[in-house]
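Thanks for coming, everyone. Please bring the sequence and the model up on your screens, and then I'll walk you through them.

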Protein chains: 2
Amino acid sequence: MIKERRDKRILLAHGSGGKLSYELIEEVFAPYFENPILNQFNDQAILPIEGIDLAFSTDTYVVSPIFFPGGDIGKLAICGTVNDLAMGGAIPLYLSVGFILEEGFPVGDLKKILRSMAEAAKEAKVTIVTGDTKVVNKGSADGIFINTTGIGVRKKGIDIGGDKARVGDKVIVSGFIGDHGMAILLMREGLEFQGEVKSDCAPLNRLVSQMLDTSSNIHVLRDPTRGGVATVLNEIALRSLVGIRLEEEKIPVREEVRAACEILGLDPLYLANEGKLLAIVGKEDAEKILETIKNNPYGKNAEIIGEVVEDYPRKVFMKTRIGGTRLVDMLVGEQLPRIC
Amino acid sequence: MIKERRDKRILLAHGSGGKLSYELIEEVFAPYFENPILNQFNDQAILPIEGIDLAFSTDTYVVSPIFFPGGDIGKLAICGTVNDLAMGGAIPLYLSVGFILEEGFPVGDLKKILRSMAEAAKEAKVTIVTGDTKVVNKGSADGIFINTTGIGVRKKGIDIGGDKARVGDKVIVSGFIGDHGMAILLMREGLEFQGEVKSDCAPLNRLVSQMLDTSSNIHVLRDPTRGGVATVLNEIALRSLVGIRLEEEKIPVREEVRAACEILGLDPLYLANEGKLLAIVGKEDAEKILETIKNNPYGKNAEIIGEVVEDYPRKVFMKTRIGGTRLVDMLVGEQLPRIC
């Protein structure tokens with residue numbers, strides 16, 4: 001038993017965002033860091049500081065390749081953290097940036113990445129206020145890794161979280177799923193039709209503000225990044241103690257992504273997204289919120305894709321195109337490492 | 001000219017904290033990220049949010065080896081960011097943690113690091129509220145890198161910054177310099193007397209609170225990490241447009257560190273510290289502040305080591321033991337990569 005433990009090593013799948021990531025957090029991290037805020041397991045912490053609800057979120061970006069159709073590691077590092085803050089119902093304000101550079105990394109590439117970061121920050125209306133750069137010897141890192149950590153402010157009265165899905169709620173996705181994961185995969189594998197699929201990488205904070213202005217009946221917001229729509233919905237089902245039923249034919253998937261998935265034997269439900277959100281909302285307001293999303297450039301192809309139900313609590317299941325029902329599990333193993 | 005630029009690559013010395021780091025920030029980063037807060041170049045940003053002065057600071061830790069006498073990368077990651085917040089005169093409250101793990105990293109080592117982090121956080125009275133873990137393929141990182149980003153609150157009226165040194169001020173260091181840098185160096189080189197020098201890695205926020213309670217006449221606070229006392233004082237001299245005169249015989253250096261420096265041809269003024277601070281304070285209160293520092297367990301060996309002068313503006317110079325005067329430049333090149 002002791003030997004087994006001593007030999008235990010980190011696997012790529014521990015970083016997948018799926019089942020093994022969940023276990024790593026629960027079994028290795030949680031015992032040391034337990035506290036009421038961290039234990040909420042949202043993508044952002046909400047901190048009460050002198051009467052303000054501050055949102056605080058961190059992410060490290062290790063995507064490979066660093067330049068891809070639709071973006072690069074810099075754009076991703078800004079949008080990803082902005083979106084994590086927005087998913088808490090907060091307005092993102094400030095970011096810190098921490099770089100790890102490998103000795104020999106081309107300064108020209110760094111400048112391209114910085115330009116992307118500056119552009120994305122401008123669009124998202126966030127300011128980069130502090131930073132740090134470390135350089136490691138050649139071979140000790142793969143080019144460039146970027147951490148961004150963000151601060152936002154959440155208006156009083158907003159109460160959004162992964163444990164707040166209620167039976168009867170509708171599940172909305174803001175557009176085509178799987179674009180980011182497929183763009184990275186095709187590029188990494190050097191596959192022919194790569195240029196046709198672009199990452200959806202985008203800041204969603206404006207969209208979220210518009211949604212919050214439309215309705216106070218928004219219960220859960222999440223961006224389905226690592227592990228995809230399937231994994232994120234499973235986490236919500238687990239934490240809200242509800243079932244989630246999807247309708248396959250309602251889920252928007254771009255034709256090129258669907259075709260590539262078929263050829264490669266992948267399921268778009270597990271592919272990462274970097275410019276999409278899932279919203280679980282009170283059914284009375286679902287159509288109104290959908291309308292608001294569709295009016296935003298990043299939400300044109302939004303759909304109501306399912307609902308929260310009593311059946312199969314803590315599970316996600318799907319009515320398939322041909323009328324059957326299948327369980328949709330969390331991602332197991334790593335579908336694609338270094339996707340973000 | 002264009003060719004020269006295209007070929008420009010990141011050097012280890014760009015991460016040294018010395019002259020090339022300064023140039024990297026000024027020439028490569030600043031043009032993209034310029035804004036009034038970032039341009040203050042302090043180790044923390046002070047953000048006005050709804051009437052509160054929030055301190056915000058980030059650091060990524062890539063120290064090698066990850067375990068060393070007196071600490072490990074986990075303890076360092078907590079203390080380093082806590083100290084950066086404290087040096088802004090803020091009370092550190094919350095931290096985020098972002099891990100990059102190399103595939104195959106032993107879970108047992110990870111747990112040791114997490115335990116150190118939990119202990120250091122407890123001592124510093126900060127709470128880890130949000131986190132992220134990425135795993136990269138074997139060979140794409142060196143074991144473990146950790147980013148911590150912190151939030152603190154600064155009381156109204158506190159006005160501390162690298163540009164606030166005034167002629168006549170005294171320069172205080174809170175104890176023996178160079179312990180961290182020398183501990184890492186000796187261990188890395190496998191030198192005999194390694195066990196005798198321990199890293200000084202420690203959280204200094206309590207010490208800073210006590211100093212602020214003692215006097216409102218504290219103008220600059222900095223922890224002399226990468227680049228050491230010499231580099232940090234040069235930065236202050238540059239930003240405050242003053243000269244700084246040190247007295248060599250007043251600078252506290254542990255006997256073992258002094259001996260090792262002589263053998264290795266190093267200068268303790270350039271060695272990194274992780275549990276020391278430099279304070280530049282009004283001369284009227286200097287003795288009182290020194291007394292307060294000496295009463296804290298992390299400040300027992302504090303000394304007044306110099307003063308701020310009109311001569312040699314933007315330069316640091318030192319009255320040597322034998323009565324001469326020499327200029328003390330910023331660190332040039334990398335004395336020791338991956339020191340933190």
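**Charges, fold and interface**

Let's start with charge. Chain A carries 41 positive and 48 negative side chains. The centres of those two sets are 2 Å apart. Here Lys and Arg count as positive, Asp and Glu as negative, and His and the chain ends are not counted. Each charge is placed at NZ of Lys, CZ of Arg, CG of Asp or CD of Glu.

Some ground rules. This is a predicted model, where local features need pLDDT of at least 70 and side-chain atom pairs count only at pLDDT 80 or more, while totals for chains, interfaces and linings use all residues. Residues are numbered from 1 along each chain as its sequence is written, chains are lettered from A and ligands numbered from 1 in the order in which they are written, and side-chain values use heavy atoms, with hydrogens and water left out.

Now the fold. Chain A has nine helices and 14 strands. Those are DSSP runs, numbered from the N terminus: helices are H or I, at least four residues, and strands are E, at least two. Of the 340 residues in chain A, 62% are buried. Buried means under 20% relative accessible area, exposed means over 50%, and partly exposed is in between, with a 1.4 Å probe and protein chains only.

On to the partner. In chain A, 76 residues are in contact with 76 residues of chain B; contact means heavy atoms within 4.5 Å. The two chains bury about 6800 Å² between them, and 69% of that is on carbon and sulfur atoms. Buried area is the accessible area (1.4 Å probe) that two parts lose on being put together, summed over both. I10(A), Y32(A) and K134(A) supply 10% of what chain A buries against chain B, more than any other three residues.

Next, one residue inside chain A. N234(A) sits in helix 7, residues 228-240. Is N234(A) buried or exposed? It is buried, at 6% relative accessible area. Leaving out residues up to four places away in sequence, N234(A) touches R314(A), V316(A), V328(A), D329(A) and M330(A).

Last, the backbone. Most residues other than glycine have a negative phi, and most peptide bonds are trans. A cis bond joins S64(A) and P65(A), with omega about 0°. Chain B has a cis bond between S64(B) and P65(B). E50(A) has a positive phi, near 45°, and counts as exposed at 60%. R338(A) also has a positive phi, about 50°, but R338(A) is buried at 7%.
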